[in-house]
Amino acid sequence: MSSINSCPDVKPVIPMNSLGGVYARFQADLNAAAARVIASGWTVLGPEVDAFEQAWAEQVGARHCVGVASGSDALQLALRALEVGPGDEVLTVANAGGYSTQAILAVGARPVFVDIHPHSLLLDETAIRGALTPRTRALIVTHLYGRMAPMPAILATCRAAGIPVIEDAAQAHGASWAGRQAGAWGELACFSFYPTKNLGALGDGGAVCCGDAGLAARLRQLRQYGWQPKYQVQIPGGMNSRLDEIQAAFLRVLLPALPALNAARQQVAAQYSAVLGALPGGALPPRPTEAVDVAHLFVLRHARRDALRAALLARGIQTDIHYPLPDHLQPGFIARLGALGEPPMAPAGALPVSEAACAEVFSLPCHPGLDAVQVQRVCDALREVW
């Protein structure tokens, strides 16, 4: 969830996120979808969920899709489907907001952090092998900011080691690598449909995609207490995590517009990139030609981050930080790991690239609700304050 910075003397006029305008474009269809659900009498796990699961699986290029209550639940259920638990280790990154770490700790496992590339800010695939231990049970790879991690290299390393890969694709709806979409690579892939995502519902929602029918069946049991049949708990680790019918209906309305909404984000990002490219030290690192970035967030780095954010806010432009504190330095995570009887996580300085990035990154408004005048104002402000 994104926080909104504020200033008592200035009313921000260019928000980090603005959903009203996007919803207005689809208001009639959204109203009709809500009325359809109300008239049907179904509330959870009904025909709307079935239809959306099929549509999202087709969009991603996966055989199976299981709708759940949130992206965070999706990560936890994916780990439970692989029977990850106490005594196990799961590799992940520390700069992606804590969602994977939260899920790993929730199932009683230990997160082991792999550092990131300084340019892409994504998992450094060359560091995976050195992080493996006999306790390693899985890797969660986060496709961050709308950018896909280099999945061919990641999969090659993990499959050679017999380690399943879970994609955290919550920020990568429609992103691809070499024409293959995020969510179609790993053994399991997790999506969030939180409202600010590239494909967002009007409340919480999530999904897990996979190619294995056995894993899909297990996920369907786990999302509803481990029941099979109803009221008979057959497998441990079950949860109450079901996608609501009304959110599935809203997602069905918005899904066909995903390419256009992504294109709007990409256009905003392209304009910002052009401005930064003309500023001293502002040019962004090039992305691999195989990768299609869907610009979920527009994140840049600056040694004077706080001063730049203040200057932009004074000009009525909101910014945010994605994310300010790496997971291995989060007090709550450290305490939880201790409660599990595990040794401390990596100390300060152990992940130098992640720590340096968290000290410098900040995000500009980049969403389909921006109009041309607002984008130009951000561009002009960047030239003034950089």
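## Basis

The model is predicted: local features need pLDDT of at least 70, side-chain atom pairs count only at pLDDT 80 or more, and totals for chains, interfaces and linings use all residues. Residues are numbered from 1 along each chain as its sequence is written, and side-chain values use heavy atoms, with hydrogens and water left out.

## Helix H11

Helices (H or I, at least four residues) and strands (E, at least two) are DSSP runs, numbered from the N terminus. In H11 (residues 305–314), Arg 305, Leu 308, Arg 309, Leu 312 and Leu 313 are buried (under 20% relative accessible area, 1.4 Å probe, protein chains only). These residues lie on the same side of H11 because their arc around the axis is only 135 degrees, taken from the directions from the helix axis to the C-beta atoms.

Asp 306 and Ala 314, on the other side, are exposed (over 50%). The buried residues pack against helix H13 (352–358), strand S12 (361–364) and helix H14 (372–385), with contact meaning heavy atoms within 4.5 Å.

## Largest cavity

A cavity is a set of points on a 1 Å grid over the protein atoms alone where a 1.4 Å probe fits but cannot get out; lining residues have an atom within 4 Å of a point. The largest has a volume of about 160 Å³, the space filled by probe spheres set on the points, with grid points joined across faces, edges and corners. Its lining has 16 residues, and Leu 19, Val 22, Pro 195, Lys 197 and Arg 265 are the closest to its centre. Helix H1 (20–25) and H10 each supply at least two lining residues.

How values were computed:
1 Å grid on protein atoms, 1.4 Å probe; cavity = no way out; pocket = protein on both sides within 12 Å on 5 of 7 lines; lining within 4 Å.
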